[in-house]
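Dear colleague,

Please find the structure below, handed over for your use. My findings follow directly after it.

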Amino acid sequence: MPRYVAIKQSICDAVRDGRLNPGDRVPSEAELVQQFDVSRMTANRALRELQAAGVVVRRAGSGSFIAEPKPIGQMIEIRNIAEEIRERGHAYRARVIQNREERANVETAPLLEVSVGTKLFHSIIVHHEAEFPIQIEERFVLASIAPDYGTLDFTRMTPNEYLTRIAPLERVEHRVCSTMPDERMRGMLGLSDGEPVLQMTRRTWSRSRLVSHAWLTHPGTRFELSAAFSIDD
């Protein structure tokens with residue numbers, strides 16, 4: 001058996017046996033080199049392949065940890081991410097990168113189908129599950145429909161909570177793709193080089209107006225999206 005496979009097998013066995021649980025730290029490359037008498041390249045390959053398989057999560061500057069089971073987000077139902085995380089039994093935390101007023105320009109005006117110069121709010125929030133960043137929410141909101149949006153503390157409530165209260169949903173549009181993140185996005189989600197993201201574009205309408213355009217970006221190896229619905233006879 002190749003040595004990197006032996007390392008992977010050892011860690012997977014420890015997970016199955018309960019010796020390693022989600023959130024537990026995995027031996028570092030240096031520790032694996034000593035434990036298995038292998039090169040650093042071999043230890044690195046084992047950890048990279050475990051990460052690709054979703055067994056471990058590698059955190060820059062912190063090490064590698066056993067991954068939680070992949071959260072599954074709903075594509076059809078519009079749910080509050082804070083509630084989803086708490087229902088899974090984990091702590092929720094939000095970090096607000098920005099929440100400011102802007103005037104629509106030639107790039108952002110088409111997102112909400114408004115004229116250049118229209119007042120918008122532009123927020124960027126990183127949602128954390130059990131201290132791990134699980135979603136970047138970048139959202140443009142029509143100020144005339146949500147006038148208080150720019151003054152709210154989104155560490156205490158989510159944009160979803162506010163918008164569903166003041167602008168009841170009439171229509172929702174979703175689009176999902178897999179893509180490679182830029183450096184800033186990698187930093188916010190704590191991703192390794194080469195790790196993809198799963199990005200949902202969500203547009204919502206209320207009172208016959210396009211109210212919100214959001215990009216919801218998740219670590220591709222640590223998140224799934226699902227949809228289920230019934231068809232009436």
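Glycine 18, which follows helix α1, has a positive phi, near 85°. Helices (H or I, at least four residues) and strands (E, at least two) are DSSP runs, numbered from the N terminus. The model is predicted, so local features need pLDDT of at least 70 and side-chain atom pairs count only at pLDDT 80 or more, while totals for chains, interfaces and linings use all residues. Residues are numbered from 1 along each chain as its sequence is written, and side-chain values use heavy atoms, with hydrogens and water left out.

Tyr4, Ala6, Ile7, Ile11 and Ala14 are the buried residues of α1 (buried means under 20% relative accessible area, exposed over 50%, partly exposed in between, with a 1.4 Å probe and protein chains only). They cover an arc of only 165° around the axis, which puts them on the same side of α1; the arc is that of the directions from the helix axis to the C-beta atoms. Arg16 and Asp17, on the other side of α1, are exposed. The buried residues of α1 pack against β1 (25-26), α2 (29-36), α3 (40-52) and β3 (63-66), where contact means heavy atoms within 4.5 Å.

In strand β9 (residues 197-206) lies threonine 201, which counts as buried at 8% relative accessibility.

With kind regards
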